[in-house]
Amino acid sequence: RPIEREGLLFPTDSLVRYLGLPDGEPDAVLAVCDTKDRGEDYFCCPIFYQYGNNFYLEDVVYDNSLPEAVMPRIANKFIQHKVKQCRFESNSAGGRIATEVDRMVHDRGGFTKISTKYTTQNKETKILVNADFVKQYVLFKDESKCNQEYLRFLRDLTGYTHMGKNRHDDAPDAVTMFAEY
């Protein structure tokens, strides 16, 4: 898949990487979820472990399957990582999906405070304005520690350009949504 190198907003060498989480319990475990309804978009739900001012992107659901298939995966990840808070984008089907994931988490004995936010902001502007926060405070797994889903997420993040068309902007949209959260 050819990538236009000029205008890359998150080039691979600009991302801070980690091999393992710091010792001790995280200060918080947080997530955001950029949902989809139908089409080629991806559900993008990164999960962050906060240690001080740093946010380690420890896991991600990055899946373009139908909502019915992805919602249980997200609920399971919230329980697995003990996510305390998550913000869902409530545009389109997001509000319904947030309600359904919340029900699934609680039915399975987990607890995640799920909130929603409707976004009217221009997506490209949001990504551009928040890119520096992501590059400074978000740490990404070393590629040797990533599963295929995380690698697909990184591919779309590092391939995003602000100077042309992007086939998939879900990864940069989600990490900048987290920066605003």
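**Figure 1. Salt bridges across the whole structure.** A search of the entire predicted model identifies eleven salt bridges. Side chains of opposite charge can pair when their charged atoms come close. The views below present some of these pairs.

**Figure 2. The salt bridge between glutamate 100 and arginine 103.** The closest N and O atoms of glutamate 100 and arginine 103 are 2.3 Å apart. Both residues belong to helix α2, which spans residues 94–107. Their spacing of three residues places them about one helical turn from each other. Glutamate 100 is partly exposed, its relative accessible area being 25%, and arginine 103 is also partly exposed, at 39% relative accessibility.

**Figure 3. The salt bridge between arginine 103 and aspartate 107.** Arginine 103, the partner of glutamate 100, also forms a salt bridge with aspartate 107, with an N to O distance of 2.7 Å. These two residues of helix α2 are four residues apart, about one turn of the helix. Aspartate 107 is exposed, with a relative accessibility of 56%.

**Figure 4. The salt bridge between aspartate 169 and lysine 123.** In this pair, the closest N and O atoms are 3.3 Å apart. Aspartate 169 is buried, with a relative accessible area of 16%, whereas lysine 123 is partly exposed, at 27%.

**Figure 5. A network of salt bridges.** Lys123 and Asp169 are linked with Lys126 and Asp173 in a salt-bridge network.

Terms used
Residues numbered from 1 in each chain as written. Predicted model: local features only at pLDDT ≥ 70, side-chain atom pairs only at ≥ 80, totals over all residues. Heavy atoms only, no water. Salt bridge = Lys/Arg side-chain N within 4 Å of Asp/Glu carboxyl O. Buried < 20%, exposed > 50% of the residue type's maximum accessible area, 1.4 Å probe, protein only.
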